[in-house]
Amino acid sequence: MIDLHTHTNKSDGTDSPRELVNKAISMGMKVLGVTDHDTTSSWQEAIDSVRGDISLALGSEISCLTDEGTSVHMLGLLFDGQHQEMQIMLEETRDGRLPRMRKMIEKMRAAGMDISMSDVEAARPAGATLGRPHLADALVNKGIIKSRDEAFQGMLNNDSVFYVSHAAPTPIEAIKMIRSAGGVAVIAHPLASLRGHSLDVSSFQELADAGLHGIEVDHRDQSPDERTMLRVIAQELGLVVTGASDYHGNGKLNSLGEFLTAPDQWEKLESLALERRVVRA
Ligand code: AMP
Ligand code: ZN
Ligand code: FE
Ligand code: FE
């Protein structure tokens, strides 16, 4: 079992890194990707929790914005956690999430909702990358909505009047940074995040030219037809095909290991990293 995309309470997941690693071990997971949004702060606790047969592929899911303003998520795996420019890029994105949250809250208050930044801060675990799920949790705590899922089906989704984007690198900048930090770049759920926007093979061509290593094909937010299309694109461009759960603990319906990466694809991906950075006991 190889699941390369998961979240902890260092971003918008609900399990601690230790709880996540323990769950993966008890399921017999062979390789676990730990990929919190715009941070590597889950790495140390995950490393300290490793035992038995599991291998960790440490990484981050990097928020990106295209020049057209489309939100794209880029998984960076097996990069150097000490790489200065990478850490600065991630920090700048995290910093930009604060004014963005304030703007979203302002819009909600203007619409008469009783919600404040301190409500959101109370819902965010210490040190976690701030995100819409924490706003959703604050709205649940206030009794305004019932669940994160309800929030994302309505007032917190990307098409909502309350939605505000935050500063982020372009996908090509993220790929280049991941590569210069020695890691591998896999575009996360590309058709899920681009839904509603035109997407053609040429945008993948451009990312492949910039050094993209893989495409996350098997993900619950992509339909069977979308997965088939992505598999064809990966084949044409010579990219690795991955699958993953995008597990968020109780924060999402996704269950750990619900989608997996084939061993041969993982071996290919791992061999493309500059150094052997997989963590084992
Ligand atoms: P943000 O990074 O602040 O723009 O928030 C986006 C995050 O919200 C993504 O990482 C998703 O995992 C999460 N998200 C999207 N839809 C849902 C949902 N239905 N339930 C819980 N979390 C979600
Ligand atoms: Zn998330
Ligand atoms: Fe994502
Ligand atoms: Fe994710």
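Reader: How many helices and strands does the secondary structure of the chain come to?
Author: In this predicted model, the secondary structure comes to 11 helices and 8 strands.

Reader: Switching to charges, how many salt bridges does the structure hold?
Author: The structure holds 10 salt bridges, and one of them joins Lys142 to Asp114, with the closest N and O atoms 3.4 Å apart. That pair links distant parts of the chain, since Lys142 sits in the loop between α5 and α6 while Asp114 sits in the loop between α3 and α4, 28 residues apart.

Reader: Which residues are linked with Lys142 in a network of salt bridges?
Author: Asp114 and Asp119 are linked with Lys142 in that network. Lys142 itself is partly exposed, with a relative accessible area of 36%.

Reader: What about Asp137, which residue does it form a salt bridge with?
Author: Asp137 pairs with Arg148, and their closest N and O atoms are 2.7 Å apart. The pair brings together helix α5, which holds Asp137, and helix α6, which holds Arg148, across 11 residues of sequence.

Reader: Is Asp137 buried or exposed, and why?
Author: Asp137 counts as buried because its relative accessibility is 19%, where buried means under 20%.

Reader: Where do Arg231 and Asp218 lie?
Author: Arg231 lies in helix α10 and Asp218 in strand β6, 13 residues apart, and the two form a salt bridge whose closest N and O atoms are 2.8 Å apart. Arg231 counts as partly exposed at 37% relative accessibility, whereas Asp218 is buried, with a relative accessible area of 16%.

Reader: Which residues gather in a patch of negative charge on the surface?
Author: The patch is formed by Asp67, Glu68, Glu173, Glu206 and Asp209. Asp209 belongs to helix α9, residues 201–210, and it is exposed, with a relative accessible area of 60%.

Reader: Last one, is Arg100 buried or exposed?
Author: Arg100, which lies in helix α3, counts as buried at 4% relative accessibility. From C-alpha to C-alpha, Arg100 and Leu260 are 33 Å apart in space, and they are 160 residues apart in sequence.

Conventions. Residues numbered from 1 in each chain as written. Chains lettered and ligands numbered in written order. Predicted model: local features only at pLDDT ≥ 70, side-chain atom pairs only at ≥ 80, totals over all residues. Heavy atoms only, no water. Patch = residues over 30% accessible without salt bridge, like charges linked within 9 Å, V, L, I, M, F, W, Y side chains within 5 Å. Areas by Shrake-Rupley, 256 points an atom, 1.4 Å probe, with all protein chains shown as cover. Salt bridge = Lys/Arg side-chain N within 4 Å of Asp/Glu carboxyl O. Lys, Arg positive; Asp, Glu negative; His and termini not counted. Charge placed at Lys NZ, Arg CZ, Asp CG, Glu CD. Helix = DSSP H or I, 4+ residues; strand = E, 2+ residues; numbered from the N terminus. Buried < 20%, exposed > 50% of the residue type's maximum accessible area, 1.4 Å probe, protein only.
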